[in-house]
Amino acid sequence: MSEQPARAPESTETTDTAEPEELAALLVGIQRLIRRQLRAGLAGPRLRGAQVELLRLVADTPGMRVSEAAEELFLAGNSVSTLVNQLVGQGLLRRESDPADGRAVLLHATGEAVERLAAWRVRRAELVGEVVAELDPADRAALTAAVPALRAVASGLRARAAAEGSAEG
C-alpha cells in the first residue's frame, strides 16, 4: 500500500471573493433592472440616482441642512448643493432659511416630490412582490431569512464609509 502524497489545501480565495462579488453584482443588477422597468411608465423628467437619493433623504428628514445631507449621503457639500439647485429648478425641493442661523438653509421636498417618491415606492414594491411571488416557497423563505443579513451588510458598509469620511476630514 503506497502512501498518497499530502495534498495542499485547496485555495479558498476563489470562494472567498466569488460570493461577495456575485452578491454585489446581483444587487447592482437587480437595482438597475428595477429602475429600468419603473422608469418606463414615469411621467416627467427622469431623475439620476443621486437626485433620487437626496429627495428620499429630504422627504424622510424634512428640514435637513445641505451639510447634513452631504454627510448622510457621503458626498461633497458642493455636489449636494448642485443637486439641490437642480431639484429646486425642477420644483421637487424647496429651500427655507434656517430661523436659528440665517446663513443656512433647510431643505424640504415639495408635494410633487413626495407624490413621485410614494408612487415609485408603490410600483417598486408591486414589481418586486410579483417576481418574488413567482419563486418557490423555499426561495421566498430564503430571501426573507436573508433580509437581516443584508441589513447588517448595509450597516457595515455605512460604518466603513463614515470612518473613511472622518479619516479624510
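This is a predicted model: local features need pLDDT of at least 70, side-chain atom pairs count only at pLDDT 80 or more; totals for chains, interfaces and linings use all residues.
Helices (H or I, at least four residues) and strands (E, at least two) are taken here as DSSP runs, numbered from the N terminus. Residues are numbered from 1 along each chain as its sequence is written, and side-chain values use heavy atoms, with hydrogens and water left out.

Let us begin with the whole chain. Of its 169 residues, 20% are buried; buried means under 20% relative accessible area, exposed over 50%, and partly exposed in between (1.4 Å probe, protein chains only). A contact means heavy atoms within 4.5 Å. Among contacts between residues at least 6 apart in sequence, 56% join residues at least 24 apart.

Now to the interior. In soluble globular proteins, nonpolar side chains tend to be buried together. A nonpolar core is a set of buried Ala, Val, Leu, Ile, Met, Phe, Trp, Tyr and Cys residues joined through side-chain atoms within 4.5 Å. The largest one here has 21 residues, and those with the most contacts inside it are Leu54, Leu55, Val80, Val84, Leu87 and Leu93. At least two residues of this core come from each of α2, α3 (66-73), α4 (77-89), β3 (101-109) and α5, with α2 giving the largest share, 5 residues. Leu54 shows how such a residue is surrounded: leaving aside neighbours within four places in sequence, Leu54 touches Ala69, Leu73, Val80, Leu83, Val84, Leu87 and Leu93.

Helix α2 (residues 49-60) also contains Gln51. Why does Gln51 count as buried? The reason is its relative accessibility of 3%. Beyond neighbours within four places in sequence, Gln51 is in contact with Arg46, Leu83, Gln86, Leu87 and Gln90.

The next stop is the pairing of α2 with helix α5 (residues 111-133), whose axes come within 10 Å and cross at roughly 105°. Axes are lines fitted to C-alpha atoms, for helices over the stretch in contact, and angles run from 0 to 180 degrees between N-to-C directions. Angles under 35 degrees count as roughly parallel, over 145 as roughly antiparallel, 65 to 115 as roughly perpendicular and the rest as oblique; α2 and α5 are therefore roughly perpendicular to each other. On the α2 side the contact is made by Val52, Leu55, Arg56, Ala59 and Asp60, and on the α5 side by Ala113, Leu117, Trp120, Arg121 and Arg124.

Strand β2 (residues 93-98) contains Asp98, which counts as buried because its relative accessibility is 8%. A polar atom of the Asp98 side chain lies 2.9 Å from the backbone nitrogen of Ala100. Leaving aside neighbours within four places in sequence, Asp98 is in contact with Arg65, Ala104, Val105 and Leu106.

Two loop residues complete the tour. Phe74, in the loop between α3 and α4, is partly exposed because its relative accessibility is 38%. Its phi is near 60°, a positive value in a residue other than glycine. Most residues other than glycine have a negative phi. Gly41 lies in the loop between α1 (13-39) and α2 and is exposed, with a relative accessible area of 55%. The C-alpha atoms of Gly41 and Arg123 are 9.7 Å apart, although the two are separated by 82 residues along the chain.

Definitions and conventions: A polar contact is a pair of N or O atoms within 3.5 Å; within protein, one must be able to donate a hydrogen and the other to accept it, and residues adjacent in sequence count only if both atoms are side-chain atoms.
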